[in-house]
Amino acid sequence: MAGISLRPARSDELGLRRALSDRMLPTLVAAMAFLAALALAGWTGAAALSRHWQQGVGSSLTVQVPQPHAAAAQGNGDRLATVLAVLIGTPGITTARALSDEELSDLLRPWLGAGAERLAIPLPAVIAVQLGDSGSDLAPLAHRLDQAAPGTLMENHDVWIRRLAVLARSLQACAGLAVLLVALVAAAVIAVATRAGLAARREAIEIVHGLGATDGLIAGRFAARATMLSAAGGLAGAVLAAPVLLALAGLAAPFGGGVPSANPLSALPLGLWLALPGLPAAAALIGWLTAQVTVHRWLRRLP
Amino acid sequence: MVRFEAVGLHYGGQSGRPAGPEVLHDISFELDPGVFCWLLGPSGAGKTSLLRLMYLAVRPTSGRLTLLDTETSRASRRVLPALRRRIGVVFQDFRLLPHLSAFDNVALPLRLAGRPEGQVRADVTEMLRWVGLARRTDARPPELSGGEQQRVAIARAVINRPSLLLADEPTGNLDSTQAERLMLLFKEMNRLGTTVVVASHNDALVARHPAAELRLAHGRLESHD
């Protein structure tokens, strides 16, 4: 007897190798996985930017002291020294440093041009303050500063941080929604392919069912095939997405306060490196679940 | 063993579709375990529908049908696969899987029953040798003649030593020698305890092998003796 007769045909009694083609489904799932990778990168990027802005800007504030060298309302020194002393003596403030004249004229150059110090404009002193805790209540401090040197303005970045946080959260929500939609579309694609496979193999399924195959066995055969094809598609999508994500990470690095890294491992956040191998696994799970549900529902029409 | 009690059948009527005409009306009979029975009647009498009820391809729309001690009319779908594995069927149109070899087609019932592959190999090889297809094990059904396909279908039906063996015009594509060999196989299985029901138009064959008869006409049981 020839060798082929000895081959167990358990794995493909239903002829699914042809009914669920190894081209169309993996290609579509690969496209879905690629889109999911982009959406996940959007999610991670928005989260990282939000974190960076909150750490960098949220923990600093700017204090303007008009007429810095006039006598202060309280104490013996001038207004600038008094305000600095109040700031340094306030718990939660790490550093408070008055900007030099050069730094000030650098700041004003876009508006006043070079040589702003030569103009007879009374410029306030500007103090850059680093906060140890960005969540502290700054209202009492503003009041005390105003008492020490009336007219002192404290500008914190709360409003901007809140707006940026809302923007970042919205971007994350959109990215999450995109991932969800991609998963649903992938499930729909797999369901359509499975139903096409069921239609193409209807007779074989009826024969095997008539010989005593359980619903679980038939659904298992379809699910095994769909899982394999989906995982292959997911893997292809993740592999294709990796260089694109690295390129995007390089472009986005300056916005995150970093510099483009020569080491690809550090160019992408760890979360994204973990998510990429998760894509084939997620695709496989969606493939398995969708095929199981689709086939079990379809088989209910048989007695 | 096999008990029909006022069984009626009409197709359709599921999923909101209108029910078709009733193809079997008020069928009642009982077959004791181990009998050999001819199922006779003109074309359109309902022989194939009666067999379909017996191999659980459809369920009765009225009445009670008991097969191998299981009341199938109301049984859960879950108990039916195990019951189907105890029923062998030779279909008029063979119903072989065209992408599988003759060997794998015959092996299918054993593999579905979870038999070890060594036993599958031995049993299928012996069965294919018995039906004269030892040299055609690797051929797929489209490469086989009608008679060869029928012998594969017969081998698949009996490989699992079923408790109930049903055949719908099994000798239609066989020459008289092969038809006699098939009858010997059926009788041998019947002697070993299998209940055998054979639907046939072949009056000469029926005359040569007298046995109990179920005679149908217009969807009704005309006689049972």
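I call a residue buried if 20 or more other C-beta atoms lie within 10 Å of its own, exposed if 12 or fewer do, and partly exposed in between, with C-beta atoms placed from the backbone. Before going on, I note that this is a predicted model, in which local features need pLDDT of at least 70, side-chain atom pairs count only at pLDDT 80 or more, and totals for chains, interfaces and linings use all residues. Residues are numbered from 1 along each chain as its sequence is written, while chains are lettered from A and ligands numbered from 1 in the order in which they are written.

**Entry: chain A overall**

I looked up the elements of chain A and found 10 helices and four strands; helices (H or I, at least four residues) and strands (E, at least two) are DSSP runs, numbered from the N terminus. Along the sequence I read α-α-β-α-β-α-β-α-β-α-α-α-α-α. Of the 303 residues in this chain, 35% are buried. I also checked contacts (C-beta atoms, placed from the backbone, within 7 Å). Among those in chain A with a separation of 6 or more, 83% join residues 24 or more positions apart.

**Entry: domains of chain A**

Domain 1 takes in 13-54 + 162-299, and domain 2 covers 59-156; these bounds come from an automatic or database domain assignment. Taken over C-alpha atoms, the centres of the two domains of chain A are 53 Å apart.

**Entry: helix α5 of chain A**

Next I turned to α5(A), residues 139-148, where A:Leu141, A:Leu145 and A:Ala148 are buried. They lie on the same side of α5(A) because they cover an arc of only 65° around the axis, the arc being that of the directions from the helix axis to the C-beta atoms. On the face turned away from that buried side I found the exposed residues A:Ala139, A:Pro140 and A:His143. What covers the buried residues? The cover includes β1 (60-65), α3 (79-88) and β4 (153-156) of chain A.

**Entry: where chain B touches chain A**

I found 25 residues of chain B in contact with 18 residues of chain A. On the chain B side, the elements giving two or more residues are α2 (80-84), α3 (102-112) and α4 (117-130). The largest share, six residues, comes from α3(B).

**Entry: helix α1 of chain B**

Last, I checked α1(B), residues 47-54: seven of its eight residues are buried, so this helix is largely enclosed by the rest of the structure. Among the buried ones are B:Lys47, B:Arg52 and B:Met54. Just after the helix, B:Leu56 takes a positive phi of about 65°.

How values were computed
Two residues are in contact if their C-beta atoms, placed from the backbone, lie within 7 Å.
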